[in-house]
There are 2 protein chains.
Amino acid sequence: MAVVAKDEASTSSGRKRLNVLAAATETFMKSGFLGANMDEIAVASGVSKQTVYKNFRSKEALFIEVVTAMMGEADLRVHTAPMEPDSMETLERYLFAYAHRQLSVALTPALMQLRRLVIGELARFPDLARILHERGPQRAISVLADVFKRLEAQGLLTCPDATLAAIHFNWLFMAEPVNRAMLLGDDGLPSDAEMRRFAKEAVRVFLAAYGSKAP
Amino acid sequence: MAVVAKDEASTSSGRKRLNVLAAATETFMKSGFLGANMDEIAVASGVSKQTVYKNFRSKEALFIEVVTAMMGEADLRVHTAPMEPDSMETLERYLFAYAHRQLSVALTPALMQLRRLVIGELARFPDLARILHERGPQRAISVLADVFKRLEAQGLLTCPDATLAAIHFNWLFMAEPVNRAMLLGDDGLPSDAEMRRFAKEAVRVFLAAYGSKAP
DNA sequence: TGACAATCATACTGGACCGTCTAGTTTCGT
DNA sequence: ACGAAACTAGACGGTCCAGTATGATTGTCA
């Protein structure tokens, strides 16, 4: 009865489970929750339908696992510890690097489709949308606000409400490309050059409003 | 064969058609495209299923009419001619009034649900999403950019790229509440006091970055 | 009034699909 | 090697649903 923490991919059953998750991810992302077909998922997994239902109670349960797994992966990529501004030459360069990094990591076809999927299923799965909000925009803003508080203590910023400042900075570069991606599809995703421009201009506006005037 | 432009609500058939549209709107908004049921729509319309299909070729066609009709109504409310800044006491007051008005008009449960619906159906109805983008954010930004160009000519703003300035201003007050509404549902909608705060702070940041320094 | 079009209630067709069951086969631990 | 557990392919029950067909009923207009 020794509980050995086996890697999921080491056993045959574990691999099959991962295959199902992968195939379900693709299918749900392509067709949505109602549009997805459990038979198709089983076939794409190279696994019998029985095995699908051995690993996942129902279509709903599978959907929830797919979405939370995707959010977990996204978390790892998006929220690695942000470099400290001290180590950067200037505040401006730090803010630019942060913005550019967030744009590069968040504006991927997979993450945008995940966002569309969760928004479209808000009524059926409100918890998933809440989690996506908490671990996505809300968390980014919260982390940013902490950084801004320290920067204000150092006299580099003037932001009485650090959270509001973080909201402003975050959306100054994120809002337009995310909105385009939501409504125009992956064709609306910005090139790297466009990302740099969004980042650069957001930093300019942000520092004009929140930068300390005293040199 | 005289084509008389009859008001749709004046004839019995016309009224029935409008009833179907209204019921379909409610059902699609509640259940999404795949989740909606044509029998339910017929019953809610007080009309037989036959009559539904006499007026609309298919479920898809009905959905498209419902969404475009909603976008048309929204257009009327959101994009009434913006007051001219000249008539306002100060630029700051003008910008605040504009932002507050946009927030009040756009952040309604119906419009947010329409947005969720269209985003969720992007793959199935890409044209609807494109139209929503053109007549929503893109149009607001375009109108704003024209105003900003005039204001710059008057020396009240400094914005070499008026469209970028419009993007920044628009999302400074819109992005956070819209994002919350998308992921948290109608509970996330801001109160009037919160709208005023978003508007006021957006104006402050915007003017710090784009306001003319010369008094 | 009478003919004709619209509408109604309802049944039906054809198909999709979730989740279960069955019977036979493979894999795995011991 | 052997028994248990997992797996497979496929069928199936039950349900749902878009769209059509039917035959009766109502409303409209000459």
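# Chat about a two-chain helical model

User: Hi! Which residues of α8(A) meet α7(B)?

Analyst: On the α8(A) side they are A:Asn179, A:Leu183 and A:Leu184, and their partners in α7(B) are B:Ala129, B:Arg130, B:Leu132, B:His133 and B:Pro137. Contact here is defined by C-beta atoms, placed from the backbone, that lie within 7 Å of each other. Helices are DSSP runs of H or I with at least four residues, strands are E runs with at least two, and numbering starts at the N terminus.

User: And what classes do the residues of that contact fall into?

Analyst: The contact of α8(A) with α7(B) has 5 nonpolar, 2 polar and 1 charged. Nonpolar covers Ala, Val, Leu, Ile, Met, Phe, Trp, Tyr, Cys and Pro; charged covers Asp, Glu, Lys and Arg; the others, Gly among them, are polar.

User: Before I go on, what should I know about the model and its numbering?

Analyst: This is a predicted model, where local features need pLDDT of at least 70 and side-chain atom pairs count only at pLDDT 80 or more, while totals for chains, interfaces and linings use all residues. Residues are numbered from 1 along each chain as its sequence is written, and chains are lettered from A and ligands numbered from 1 in the order in which they are written.

User: Good. At what angle do α8(A) and α7(B) cross?

Analyst: Roughly 145°, and their axes come within 8 Å. Each axis is a line fitted to C-alpha atoms, for helices over the stretch in contact, and angles run from 0 to 180 degrees between N-to-C directions.

User: What about α7(A) and helix α8 of chain B?

Analyst: That pair packs at an angle of about 145°, with the axes 8 Å apart. Here A:Ala129, A:Arg130, A:Leu132, A:His133 and A:Pro137 meet B:Asn179, B:Leu183 and B:Leu184.

User: Zooming out, how many residues does each chain put into the contact?

Analyst: Chain A gives 31 residues and chain B gives 31 residues. On the chain A side, α1 (12–35), α6 (109–120), α7 (126–153), α8 (162–184) and α9 (192–210) each supply at least two residues. The largest share, 11 residues, comes from α8(A). By class, the side of chain A that touches chain B holds 18 nonpolar, 7 polar and 6 charged residues.

User: Which surface do the copies meet through?

Analyst: The copies meet through the same surface, because 100% of the interface residues of chain A are also interface residues in chain B.

User: Switching topic: what is chain A built from?

Analyst: Its secondary structure comes to 9 helices and 0 strands. The C-alpha atoms fill a box of roughly 70 × 45 × 30 Å along the principal axes.

User: Which domains is chain A divided into?

Analyst: Domain 1 (12–56) and domain 2 (66–210), with bounds from an automatic or database domain assignment. Their centres, taken over C-alpha atoms, are separated by 32 Å. Across the boundary, 7 residues of domain 1 are in contact with 8 residues of domain 2. The domain 1 side of this contact has 5 nonpolar, 2 polar and no charged residues.

User: Is A:Leu144 buried or exposed?

Analyst: A:Leu144 is buried, since 22 other C-beta atoms lie within 10 Å. A residue counts as buried with 20 or more other C-beta atoms within 10 Å of its own, as exposed with 12 or fewer, and as partly exposed in between, with C-beta atoms placed from the backbone. A:Leu144 is found in helix α7 of chain A. Leaving out residues up to four places away in sequence, A:Leu144 touches A:Ala166, A:Phe169 and A:Asn170.

User: And how many other C-beta atoms lie within 10 Å of A:Val143?

Analyst: There are 16, so A:Val143 is partly exposed. A:Val143 also sits in helix α7 of chain A.

User: Last one: which residues touch the most other members of the largest nonpolar core?

Analyst: A:Ala202, A:Phe206, B:Ala202 and B:Phe206, in a core of 124 residues. Such a core is a set of buried Ala, Val, Leu, Ile, Met, Phe, Trp, Tyr and Cys residues joined through C-beta atoms within 7 Å. Not counting residues up to four places away in sequence, B:Phe206 touches B:Leu95, B:His168, B:Phe169 and B:Leu172.
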